[in-house]
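Please look through the structure shown here before reading on, and keep it open beside the text.

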Amino acid sequence: MRIGIVCPYTWDVPGGVQQHVRDLAEALFASGHEVSVIAPADDDAPLPPYVVSAGRAVPVPYNGSVARLSFGFLSAARVRRWIREGSFDVLHVHEPAAPSLGVLACWAADGPIVATFHASFERSRALSAAGPILQSAMEKITARIAVSEKARRTLVEHFGGDAVLIPNGVTTERYAMAEPLPGWPGDDCALGFLGRMDEQRKGLAVLLRAFEILGRERPGLRLLLAGPGDADEVRAKVSPELRDRVVNLGLVSEADKVRALHSVDVFVAPNTGGESFGIVLAEAMSAGAPILASDIEAFRRVLLEGRAGALFPVGDSGALAVAAAELLDDAPRRKQLSDEAKTAVRAYDWSTVARDVVRVYETVAGDTAVVETSAS
Amino acid sequence: MPEVLLNIALLAAVVVFLGVYVSWRATRIDRLHVRLETARAGLDAALVRRAAVALELAASRLLDPATSLLLAAAAHEARIADSDNREFAESDLSRALRAVVDQPDFRGTLTSRQDGAALLDDLDAAVRKVSYARSFYNNAVTATRAARRKLLPRVLPLSGRAPVPEFFEIDDAPPES
């Protein structure tokens, strides 16, 4: 099949949706399909051969955080041309409700359109304002996929209708083996965090508060951080006497991310909400890192109610500190969590997931019809 | 006896003078508060107007849907924000407007479409009025706060129960024209 995939967020900035698109595209290649991806990208960004740039994304406030999005007449024209030249059997749009390439693609295309919804919100004010504008785009979508129960509920709440549930995949073997970073985790244990540091709902602040307690109780304990965000801002939140034990790698390569996961004794996911699946959790599970995660619904489900990773009450840094201390003192328990996680994560492997996605494509793709550009 | 009378007259004069002075100061503070309230109403109106024009532009079908979504979301946030979040939401709307209008050739493309030029004019006016209204309001806040910091208003309740006014601080830099 010829499949055109639309990624709404900047290709070279790490993020759940981008990762999803990359892994899906590669899994589809592996099973013999032709794939072209269009995504925002900086002019000088190195792109894999199957990615077409829709131009630079612009940072703009959206739905409570700053997102890098691609919008405007120019992007719309590029998407239209890509669709016209691609003659795809199926157009697969990701996050069509975001003000970016997804909605532009729905606008420009006619034919079998599959849409995957990633985000979940309690109640998105941005989406409720968007209703009438999105309506015509939503009406063109033939098949809807949600990556999680929460994403599906968000979709039902805001747009009505339903969606099939196909969870995110993880290329588990990519994470399974890696050398720890030099000097890690060291003799005195280390905690780890991956994710955007300036995004409140990733919960880094909760972890830093817990480290204020833990770091004082355990003079050798270190904290390894990796992800985009302002390093000085993070540093300012740590007491001066603990600062040299908080190591911030900043934005890291995929390879170093995997190594970071193998460099810590406990991987902490302190997210305070808004997470629909938590790909980062599945990656940590694939790496076999013992996990301590906040007790949000999505995490509880992925961690099998706590069997594949310990849980602590959302936003409670005191409880985080207590739970982390228990894990740090209990090596057999960590080993057990790690083994359970590696087993549990197999259900999310991309090979399993991509097969289901292809079934969706086959359901909607016509025998002869291809995706064309629409008249309007 | 006449000396006593003179003292009484002097005292009366002082009391009258004090009364007049206090009442004059109270009137002045009252006037400043009226000016403040008027300025606040003007600022609110300007902000609501700006959000309304942004929404109108979003709904106009002159834009691509991604841009429409972005504007609609930002304008909606600004309109429903409570007083704690108002300044953030309005700043976000300013940033969203800049991101949209500062795109290469945005003005040219919009102007070439029907009703586009008029909407763009409305938007420019509304954006400009927000920064004017905010400046006037913050001036009124400065003046009121200065008057209330003087000794007399602090000793006597000349301001009634009116809370000390707060500045309205947002990013209201307009898009490039």
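The report below describes a predicted model, beginning with a pair of helices and moving on to backbone details in the loops.

## Two helices of chain B

In chain B, helix α1, which covers residues 2-58, and helix α5, which covers residues 116-149, have axes that come within 8 Å of each other and cross at roughly 160 degrees. Because angles over 145 degrees count as roughly antiparallel, α1(B) is described as roughly antiparallel to α5(B).

The crossing of α1(B) and α5(B) is left-handed. When the residues in the contact of α1(B) with α5(B) are sorted by class, there are 21 nonpolar, three polar and ten charged residues.

## A cis peptide bond in chain A

The peptide bond that joins W184(A) and P185(A) is cis, with an omega of about -10 degrees. As for its place in the chain, P185(A) is in the loop between α6 (172-176) and β11 (190-194) of chain A.

## Positive phi values in two loops

E305(A), a residue other than glycine, has a positive phi, near 60 degrees, and lies in the chain A loop between α11 (297-302) and β16 (310-312). E305(A) counts as exposed because it has 10 C-beta neighbours inside 10 Å, and the cut-off for exposed is 12 or fewer.

In chain B, R61(B) is not a glycine either, yet its phi is positive at about 65 degrees; this residue is found in the loop between α1 and α2 (65-80). R61(B) has 13 C-beta neighbours inside 10 Å, and therefore counts as partly exposed.

Note on methods: Residues numbered from 1 in each chain as written. Chains lettered and ligands numbered in written order. Predicted model: local features only at pLDDT ≥ 70, side-chain atom pairs only at ≥ 80, totals over all residues. Axes fitted to C-alpha atoms, helices over the stretch in contact; angles between N-to-C directions. Helix = DSSP H or I, 4+ residues; strand = E, 2+ residues; numbered from the N terminus. Parallel < 35°, antiparallel > 145°, perpendicular 65-115°, else oblique. Left-handed = near helix turned anticlockwise from the far one by under 90°. Nonpolar A, V, L, I, M, F, W, Y, C, P; charged D, E, K, R; others polar. Buried ≥ 20, exposed ≤ 12 C-beta atoms within 10 Å, placed from the backbone.
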